Amino acid sequence: MTADTTTTAATTTTADATTTAEATVTHTTVTDGTVTDGTTAGATVARLLSGLDERLPGLLALYEDLHAHPELSFQEFRTAGVVAERLRAQGWQVTEGVGGTGVVGVLANGPGPVVLLRADMDGLPVKEETGLPYASTATGIDPDGNEVPVMHACGHDMHVTCLLGATDRLAAHRDAWGGTVVAVFQPAEEVGGAPAMIEDGFLDRFPRAEICLGQHVAPAPVGFLGTRPGPVMAASDSLRVTLFGRGGHGSSPETAVDPVVMAAAVVMRLQTVVSREIGASQTAVVTVGSLHAGTKENIIPDTAELRINIRSTTPAVRDRILAAVTRIVRAEAAASGAPREPRIVPFNSFPVTVNDGPATALVQSALAGALGEGRVFTLPQVITGSEDFGVFGTALGVPSVFWHFGGADPALYAGVDPGSLLEDGLPDTVPANHSPHFAPVPGPTIPLGVTALLAAAAHWLRKETPGV
């Protein structure tokens, strides 16, 4: 799909998507996980969504601006400035620099629960290849000091846009809800920015939430959402492995210990961890995403570095994989005659993201009421992607709910039953998160994301109406 086609589709479907959302929430509410008609939560959502149509052109411009100006983890200075400026203009109490570049907005609106809504802000070291008129040409400096291309290849620009759209509606319609909202714009999700905010005194500096809500745009068809109770996203562990050889001339390998061959053996042997050491009914992934060694074709280097990523869904599987990876790395080094033990350094560790069961039932009912039956799916298994969103709920000791909302052009799914995607996965033609071609269709995706946040929060924020 070309950039022009994408822009046109986004523009022409925006009003329809929003009108549909407003129409379906008017008479819906959530009570003990059940959707019923004519009560207050649905009315709250409808009132909160009032005026969203008029805001969509501005939100689309915001999204395109954020997409064109991505920033690496803990370097989101421009993005944080945009967020803080908009929150202040909406009337929120704003704190900047939380956990580095994080921004927290607080809007107190009388008695009631405290609800945390979260979006992440960082981009990725990916060169964008979408061809969009607002595609990123930005570069940044990575933690190793290298200049790299930067892209919003995971949709965090969409998350920021949707949360700012929700905060705008909450501020504009204070008569429709009661309580306090804590809007968290988190830095560095890709490397674990949530713990940095907690360590920066988040629990003591801001109202303590009773529920934490978050979302992620996905390459599913726009208009559909998915979540599940219990584990919803996998744990992630990253390892930096340095293999030590003995350098020499490429023409005389017998005088050296070649760490490139050693690294190749490690990479191939690691492929057996999931296929031969993890049960077929268990979910796990081992990926070698980076391998660096040497400077010239006729020089055998002294070292090789691998960066390994592990995904797991239970503590037992996690421990088994980590032990297997460590055993294989050390064994291959010994088999190659390495002059010293390899160095294995963990970094970027995320826990399993776990959705609270009762709260997830409430959110699923609220989302179904807002978007219509057949639009909200229960995911059949844990997603192997990872998130640090759950750190907030764990630190606060309160329930969390996290869901995924579709942002892909429905034309890419022509003839495909959305329900079949749960079992069959994405078509090969649909770019997934972290792809240089990943780009949600913003026009219909923005109102979907705003509606989902407001619908989920409304159960806790609804203001009881006498006589209803």
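Which residues is Arg-228 in contact with, leaving aside its neighbours within four places in sequence? I looked this up in what is a predicted model. The contacts of Arg-228 are Asn-355, Thr-360, Thr-378, Leu-379, Pro-380, Gln-381 and Val-382.

**Entry: Arg-228**

I placed Arg-228 in the loop that runs between strand S10 (225-227) and strand S11 (230-233). Was Arg-228 buried or exposed? Its relative accessibility is 15%, and the cut-off for buried is under 20%, so Arg-228 counts as buried. I also noted a polar atom of the Arg-228 side chain 2.4 Å from the backbone oxygen of Pro-231.

**Entry: the four-stranded sheet**

I then traced an open sheet of four strands, in the order S14-S16-S12-S17, with antiparallel pairing. Strand S14 (284-293) and strand S17 (343-350) are the edge strands, each pairing on one side only. From one strand to the next I have an average twist of 20 degrees.

How many bridges join S12 to S17? I found six between S17 and strand S12 (residues 235-244), and these two strands run antiparallel.

Helix H8 (residues 259-277) lies across S12, S14 and strand S16 (303-312), and it runs at about 170 degrees to S14. Helix H9 (residues 315-335) packs on the sheet and touches S12, S14, S16 and S17. The direction of H9 makes about 165 degrees with that of S16.

**Entry: positive phi values**

I checked Asn-348 in strand S17. Its phi is near 55 degrees, which is positive in a residue other than glycine. Asn-348 is partly exposed, at a relative accessible area of 25%.

Phe-74 was another such case, with phi near 65 degrees. I located Phe-74 in the loop between helix H3 (52-68) and helix H4 (77-90). At 33% relative accessibility, Phe-74 counts as partly exposed.

**Entry: the S3-S4 hairpin**

Strand S3 (residues 93-98) and strand S4 (residues 102-109) run antiparallel and are joined by five bridges. I logged Val-106 in S4 as the bridge partner of Gln-93. Three residues lie between S3 and S4 in this hairpin, and Gly-99 in the turn has a positive phi of about 70 degrees.

**Entry: salt bridges**

Side chains of opposite charge can pair when their charged atoms come close. I searched the whole structure and got 17 salt bridges. I wrote up some of them.

Where in the chain do Arg-327 and Glu-277 sit? Their side chains meet in a salt bridge, at 2.6 Å from N to O. The pair links distant parts of the chain, with Arg-327 in helix H9 and Glu-277 in helix H8, 50 residues apart. Arg-327 counts as partly exposed at 43% relative accessibility. Glu-277 is partly exposed too, with a relative accessible area of 26%.

Arg-307 forms a salt bridge with Glu-305, and I have 3.1 Å for the closest N and O atoms. The relative accessible area of Arg-307 is 23%, so Arg-307 is partly exposed.

Arg-118 and Asp-120 form a salt bridge whose closest N and O atoms are 3.7 Å apart. I found both Arg-118 and Asp-120 buried. The two belong to a network of salt bridges that links Arg-118, Asp-120, Glu-387 and Asp-388.

**Entry: the nonpolar core**

In soluble globular proteins, nonpolar side chains tend to be buried together. Which residues have the most contacts inside the largest nonpolar core? I listed Trp-92, Leu-117, Leu-170, Phe-185, Leu-213 and Trp-403, in a core of 64 residues. Helix H13 (residues 442-461) supplies the largest share of this core, with 12 residues.

I followed up on Phe-185, again leaving aside its neighbours within four places in sequence. Phe-185 is in contact with Val-83, Leu-87, Gly-102, Val-103, Ala-119, Met-121, Val-160, Leu-163, Leu-164 and Met-197.

Technical notes. Residues numbered from 1 in each chain as written. Predicted model: local features only at pLDDT ≥ 70, side-chain atom pairs only at ≥ 80, totals over all residues. Heavy atoms only, no water. Pairing = 2+ DSSP bridges. Axes fitted to C-alpha atoms, helices over the stretch in contact; angles between N-to-C directions. Contact = heavy atoms within 4.5 Å. Salt bridge = Lys/Arg side-chain N within 4 Å of Asp/Glu carboxyl O. Buried < 20%, exposed > 50% of the residue type's maximum accessible area, 1.4 Å probe, protein only. Core = buried A, V, L, I, M, F, W, Y, C linked by side-chain atoms within 4.5 Å. Polar contact = N/O pair within 3.5 Å; in protein donor to acceptor, adjacent residues only side chain to side chain.
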